[in-house]
Amino acid sequence: MQATHYFSGLRCLIVFIFAIMMAGTIWAQSKIRGKIVDSTGRPILNANALLLNSRDSVLVRGMLTNNEGNYSFENIVAGNYLVSATHTGTNPVYSKPFEINGKEGNLDMGVTKLNETSITLAGVTVTTKKP
């Protein structure tokens, strides 16, 4: 019977230690937000906002902007990141690398302006056959 109480107490201790570790992780999480607009300042709906690891550009999170051009990444753990903004027909824009150390809480990236890409295509030839 003593072994049962020992394992029960050990199990409680392990759960307690795990809960303390998770609480520290939860408190260290931050929120990153911003807005993506076109060259005239109008919000871009469904622009790609990507949170990348600044060391190797590995995708951490990605989302599409809402009607107002806003995006928000929540529950971001401490680390070094950058934000990439893209949309069809525009040049991609990358933020400067920044650090989340768990103390900021919220980080506002401000407004990111995307400029249109001008691509000129060569002539197109269409060939058809008579039925």
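This is a predicted model: local features need pLDDT of at least 70, side-chain atom pairs count only at pLDDT 80 or more; totals for chains, interfaces and linings use all residues.
Residues are numbered from 1 along each chain as its sequence is written, and side-chain values use heavy atoms, with hydrogens and water left out.

A search of the whole structure returns two aromatic pairs, defined as rings of Phe, Tyr and Trp (its six-membered ring) with centres within 6.5 Å, the planes counting as stacked when under 30 degrees apart, as edge-to-face when over 60, and as tilted otherwise. Tyr71 and Phe73 form a tilted pair, with a centre-to-centre distance of 5.6 Å and 50 degrees between the planes. Tyr81 and Phe98 likewise form a tilted pair, at 6.4 Å centre to centre and with 40 degrees between the planes. Because Tyr81 lies in strand β5 (residues 79–86) and Phe98 in strand β7 (residues 98–100), this pair ties together parts that are 17 residues apart in sequence. Tyr81 and Phe98 are both buried.

With contact taken as heavy atoms within 4.5 Å, and with residues up to four places away in sequence not counted, Phe98 touches Ile32, Leu51, Gly79, Asn80, Tyr81, Leu82, Val83, Leu107 and Met109.

Four salt bridges are present in the structure, the criterion being a side-chain nitrogen of Lys or Arg within 4 Å of a carboxyl oxygen of Asp or Glu. One of them joins Arg33 to Asp108, whose closest N and O atoms are 3.7 Å apart. Since Arg33 belongs to strand β1 and Asp108 to strand β8 (residues 106–113), the pair ties together parts that are 75 residues apart in sequence. Arg33 counts as partly exposed because its relative accessibility is 41%, and Asp108, with a relative accessible area of 47%, is also partly exposed. Asp38 and Arg42 meet through their side chains in a further salt bridge, at 3.3 Å from N to O; here Asp38 counts as buried at 16% relative accessibility, whereas Arg42 is exposed at 55%. Arg55 forms a salt bridge with Asp56, with 3.8 Å between the closest N and O atoms, Arg55 being exposed at a relative accessible area of 69% and Asp56 partly exposed at 40%.

At the level of the whole protein chain, the secondary structure amounts to one helix and eight strands, taken as DSSP runs numbered from the N terminus (helices H or I, at least four residues; strands E, at least two), and their order along the sequence is α-β-β-β-β-β-β-β-β. Of the 131 residues of the chain, 22% count as buried. Among the contacts with a separation of 6 or more, 57% involve residues 24 or more positions apart. The accessible surface, computed by the Shrake-Rupley method with a 1.4 Å probe, comes to about 9700 Å², of which 58% belongs to carbon and sulfur atoms.

Technical notes:
Buried means under 20% relative accessible area, exposed over 50%, partly exposed in between (1.4 Å probe, protein chains only).
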